[in-house]
Amino acid sequence: MTVITRFAPSPTGLFHAGSYRTALFAYIFAKQNKGKFILRIEDTDKERSKKEYEDNIIDSLKWLGLDYDELYRQSDRTDIYKKYIQKLIDSGHAFISKETPKEAGDRAEVIRFKNPKKKVIFNDLIRGQVEFDTTELGDFVIAKSLEEPVFHLVNVVDDHEMGMTHIIRGEDHISNTPRQILIYEAIGAKNIPIFAHIPLLLAKDRSKLSKRHGAIPMTEYRERGFLPEVLVNYMALLGWHPADDREVLTLDDIVKEFSLDRVQKGGAIFDEEKLKWFDHQYIAKLNNDEFQSHASPFVPEWLATSSPLFKRCIPLLREKISSFGEIPQLLADNGELRFVHGLKDYAPLSLLWKKNPKREAALVHLQKVQELVMAIPDDSFTAESIKVAVWNYAEAEGKGDVLWPLRMALTGQDKSPDPFTSAFILGREETLNRIHLAIKKLS
RNA sequence: GGCCCUAUCGUCUAGCGGCUAGGACGGAGGCUUCUCAAGCCUCAAACCAGGGUUCGAUUCCCUGUAGGGUCACCA
């Protein structure tokens, strides 16, 4: 039997982390079983469904690499539902009910399901046996009219028609399950899908993650320069864990090792700090070409990613960022790497090492360093060769005494990378210019 | 409120009757060090409570408590 799962979002908001994790688990389960993964847009609510949200869902899924085998839109399937509704009415499982409208838009006549009022038991793959008494559900509405079916009906009809074997969805649907099982029985479904209700993703205060409460759209993570593999990895670990202690896992790893009985039962809070840590790990593993192409949208114009200057910055950027979106602030006017763009004017006295603030000493050291640097040929001007050239002198004279003025001369900032790396990035000529300027400031 | 689900460090989690309760993020300290990071090392930090069952409960059962979900002509 081929496993078939689906992700069935309603396009009534931007695709966020909560929905994403549900989709991810269903996807992983399908892949693991060499089955099919279906995307079904549940847009029966014409008021709230928006094309832009549907686009956002599809766009996000694509970015995250969750490819689906089939795509359906419930708004295209009205005829199918109509047939089922008619059948249910004919068989006495549903009836047309006269109503007194409570709200604007309410119909005077709707179609209700004739509730057999019985006990429903199903076996949830994550929670085990779950038991409900459907009596209190009453004769619930399954359609506003023959052409306007409502969630429970369309959801069941589609899952049945599409041959769904496993329904992996959020825990918020667990109490919908009994009434849906009633519908399966009423339409004469031979095989009712197996259910697995995964725990919800929670906001920081443990309340439900909602559109206006902590649910960040996945496209926003893309805009902030997070890698899609990172979202896959991190989100899979929210509620699931492999048998060992590994955390950095590819989708393939996860698909290989995933198992529903290692899925957590309680809800989990999305922790952005850990997400950043993951992203930092992934960035560390990127090669320079990959790094460059990911960084490209975030690098300011003055620093073209094709330039040698950018290439020299890569190791530093790689070390400093935990998402590519942090690059702009690092290179901004008050950023840690602004010295790359240009030297900010600084006070001459800031060139003095705080533990030995003598103008004369700083001047002598800078002049000596200037000589040493000058001796390095342009074609071997690397952080390492600069270090080698300066190191012995610095050790002999006091590292702080020599290196602090040098670093300040090169960057004009109290906080910056080490002087060797900075000099390498600036290049021989600019390095000498800046040392020269510092010497002038002190004389 | 009814019904349903859940409960291990602040957070994500390992554990499936006997463990010094393990790992990761974050935090603290240290090493490194000219500054800031990164990196490495160390430390602090948890079994919701009360009853059972058992020689022995974090683990099994019950009750309570807490949190969450759901009770639409939304999905």
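Into which domains is chain A divided? The domains are domain 1 (4–202), domain 2 (286–340) and domain 3 (348–442), with bounds that come from an automatic or database domain assignment. This is a predicted model, in which local features need pLDDT of at least 70 and side-chain atom pairs count only at pLDDT 80 or more, while totals for chains, interfaces and linings use all residues. Residues are numbered from 1 along each chain as its sequence is written, and chains are lettered from A and ligands numbered from 1 in the order in which they are written.

**Stop 1: the whole of chain A**

Chain A has 17 helices and 13 strands; helices (H or I, at least four residues) and strands (E, at least two) are DSSP runs, numbered from the N terminus. The radius of gyration is 31 Å, well over the 22 Å that the globule rule gives for 443 residues, so chain A is more spread out than a compact globule. That radius is taken over C-alpha atoms, and the globule rule is 2.2 Å times the number of residues to the power 0.38. Along the principal axes, the C-alpha atoms fill a box of roughly 100 × 50 × 35 Å.

Colour domain 1 and domain 3 next: their C-alpha centres lie 68 Å apart. Of the 443 residues of chain A, 33% count as buried. A residue is buried if 20 or more other C-beta atoms lie within 10 Å of its own, exposed if 12 or fewer, and partly exposed in between, with C-beta atoms placed from the backbone. Among contacts between residues at least 6 apart in sequence, 72% join residues at least 24 apart; two residues are in contact if their C-beta atoms, placed from the backbone, lie within 7 Å.

**Stop 2: the surface near RNA strand B**

Select RNA strand B and the residues near it, meaning those whose C-beta atom, placed from the backbone, lies within 6 Å. RNA strand B is surrounded by 57 residues, and the closest are Glu42, Lys208, Gly266, Lys399 and Asp418. Elements that give two or more residues to this surface include strand 7 (128–133), helix 9 (272–285) and helix 15 (399–411). Helix 15 supplies the largest share, five residues.

**Stop 3**

Two strands pair if DSSP finds at least two bridges between them. Strand 8 and strand 9 pair over two bridges, and Ser145 stands opposite Glu148 in strand 9.

Move to strand 10 (residues 166–170), which runs parallel to strand 11 and is joined to it by five bridges. Ile167 has Phe195 in strand 11 as its bridge partner. Four of the five residues of strand 11 (residues 194–198) are buried, so this strand is largely enclosed by the rest of the structure.

**Stop 3: single residues**

Select Pro419, in helix 16 (residues 419–426). Is Pro419 buried or exposed? Pro419 is buried, with 25 other C-beta atoms within 10 Å. Leaving aside neighbours within four places in sequence, Pro419 is in contact with Leu403, Leu406, Arg407 and Leu410.

Next, select His294 in helix 10 (residues 288–295). His294 is partly exposed, with 18 other C-beta atoms within 10 Å. Beyond its neighbours within four places in sequence, His294 is in contact with Leu286 and Phe324.

Finish with Lys34, in the loop between helix 1 (17–32) and strand 2 (36–41). Phi of Lys34 is near 50 degrees, a positive value in a residue other than glycine, and Lys34 is exposed, with 8 other C-beta atoms within 10 Å. Phi of Lys117 is also near 50 degrees. Lys117 lies in the loop between strand 5 (109–113) and strand 6 (119–124), and with 13 C-beta neighbours inside 10 Å it counts as partly exposed.
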